[in-house]
Amino acid sequence: ILPSRPDMIISYHGYNGFALIQGVVPMSNSRSPPVYKSRPVKLLADCEYRLKLMGAARREQALLATRASSFSDPLQTKYAEAYRQLIRLAQTNHIRLILADYSMAVNERSPRDVLNFYRRRCPAVVWWIKANQVHSIIVRQLAKQYPNVRFVDTHPNLDGGHGKFIDLVHFTQPGRQQLAETIFAGIRSDLERDLSGPEQIHDATAEGMRR
């Protein structure tokens with residue numbers, strides 16, 4: 001996009017980059033759900049499968065209860081380094097950079113029945129929730145370290161609001177509208193300041209002198 005000489009880059013990234021934090025968030029169980037194995041006695045197979053499901057649920061619950069800040073340093077991940085490269089690129093080319101956190105249909109506060117619904121399509125949904133928490137730490141901390149980078153929190157009224165998603169990460173139209181309004185609110189002061197550049201200030205001063 002550099003040939004287009006943008007004034008601003010808005011980075012809303014997350015799910016597609018979660019692989020860059022592998023090892024920071026421990027897997028609570030395998031990415032595949034427990035497998036049902038046939039036994040000579042069906043009751044035995046049912047009981048065995050039920051125990052597997054209970055064990056997987058306990059491990060996932062323990063992962064959900066773990067604070068993201070207790071994991072390995074998120075700022076030492078490949079994901080954080082990729083963001084630093086973006087920051088350096090923006091600074092070198094005098095581009096205003098906006099870093100946003102990422103919103104998904106579920107989060108750590110989602111009811112278990114909602115988690116179970118999304119687990120059918122994404123067995124490691126709890127891992128994705130924790131990965132998203134780590135991602136939020138990365139963008140928040142980097143925005144603090146680099147004063148010229150603005151952070152926008154997209155979570156209010158969106159993250160965990162499964163009614164605004166068509167799947168785990170893609171929005172319905174109300175979801176897209178919410179994201180657009182949230183990001184606009186986050187950058188509005190910057191836009192107003194840009195529109196109040198030297199020419200506008202000069203015009204306002206001249207008008208005041210005429211009065």
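Colleague: Which residues does Val139 touch, not counting residues up to four places away in sequence?

Modeller: This is a predicted model, so local features need pLDDT of at least 70 and side-chain atom pairs count only at pLDDT 80 or more, while totals for chains, interfaces and linings use all residues. Residues are numbered from 1 along each chain as its sequence is written, and side-chain values use heavy atoms, with hydrogens and water left out. With contact meaning heavy atoms within 4.5 Å, and residues up to four places away in sequence set aside, the ones that Val139 touches are Tyr83, Leu99, Ala100, Asp101 and Phe151.

Colleague: Thanks! Is Val139 buried or exposed?

Modeller: Val139 is found in helix α4; helices (H or I, at least four residues) and strands (E, at least two) are DSSP runs numbered from the N terminus. Buried means under 20% relative accessible area, exposed over 50%, and partly exposed in between, with a 1.4 Å probe and protein chains only. At 0% relative accessibility, Val139 therefore counts as buried.

Colleague: How far apart are the C-alpha atoms of Val139 and His13?

Modeller: Val139 sits in α4, and His13 is 126 residues from Val139 along the chain. Their C-alpha atoms are separated by 9.9 Å.

Colleague: Let's move to strand β3. Which residues does Val152 contact, leaving aside its neighbours within four places in sequence?

Modeller: Val152 is placed in β3, residues 149-152, and at 3% relative accessibility it counts as buried. The C-alpha atom of Val152 is 7.1 Å from that of Ile98, although the two are 54 residues apart along the chain. Ile98 is also one of the contacts of Val152, which are Ile98, Leu99, Ala100, Asp101, Thr182, Ile183, Gly186 and Ile187.

Colleague: Thr182 is on that list. Where is the place of Thr182?

Modeller: At 14% relative accessibility, Thr182 counts as buried. Not counting residues up to four places away in sequence, Thr182 touches Val152, Asp153 and Thr154. The place of Thr182 is in residues 173-195, helix α5.

Colleague: Now the aromatics. What kind of pair do the rings of Phe18 and Tyr102 make?

Modeller: A search of the whole structure finds 10 aromatic pairs. Rings of Phe, Tyr and Trp (its six-membered ring) pair if their centres lie within 6.5 Å; planes under 30 degrees apart count as stacked, over 60 as edge-to-face and the rest as tilted. Phe18 and Tyr102 have ring centres 6.2 Å apart and planes at 85°, so the pair is edge-to-face.

Colleague: How many residues apart in sequence are the parts that this pair ties together?

Modeller: Phe18 lies in the loop between β1 (8-12) and α1 (42-65), and Tyr102 in the loop between β2 (96-100) and α3 (112-119). Phe18 and Tyr102 are both buried. The pair thus ties together parts whose separation in sequence, in residues, is 84.

Colleague: Which residues form the aromatic cluster?

Modeller: Phe18 and Tyr102 are both members.

Colleague: How many disulfides does a search of the whole structure find?

Modeller: A disulfide is a pair of cysteine sulfur atoms within 2.5 Å. Cys47 is partly exposed at 41% relative accessibility, whereas Cys122 is buried with a relative accessible area of 11%. Over the whole structure, the number of disulfides found is 0.

Colleague: On to helix packing. Is α3 roughly parallel or roughly perpendicular to α4?

Modeller: Axes are lines fitted to C-alpha atoms, for helices over the stretch in contact, and angles run from 0 to 180 degrees between N-to-C directions. Under 35 degrees counts as roughly parallel, over 145 as roughly antiparallel, 65 to 115 as roughly perpendicular and the rest as oblique. The axes of α3 and α4 (residues 125-145) come within 9 Å and cross at roughly 105°. That makes α3, relative to α4, roughly perpendicular.

Colleague: How many residues of the contact of α3 with α4 are nonpolar?

Modeller: Leu115, Tyr118 and Arg119 in α3 meet Val125, Val126 and Ile129 in α4. Ala, Val, Leu, Ile, Met, Phe, Trp, Tyr, Cys and Pro count as nonpolar, Asp, Glu, Lys and Arg as charged, and the others, Gly among them, as polar. The contact has 1 charged residue and no polar ones, and its nonpolar count is 5.

Colleague: Finally, what pattern does the protein follow along the sequence?

Modeller: The protein has 6 helices and 3 strands. Read along the sequence, they give β-α-α-β-α-α-β-α-α.
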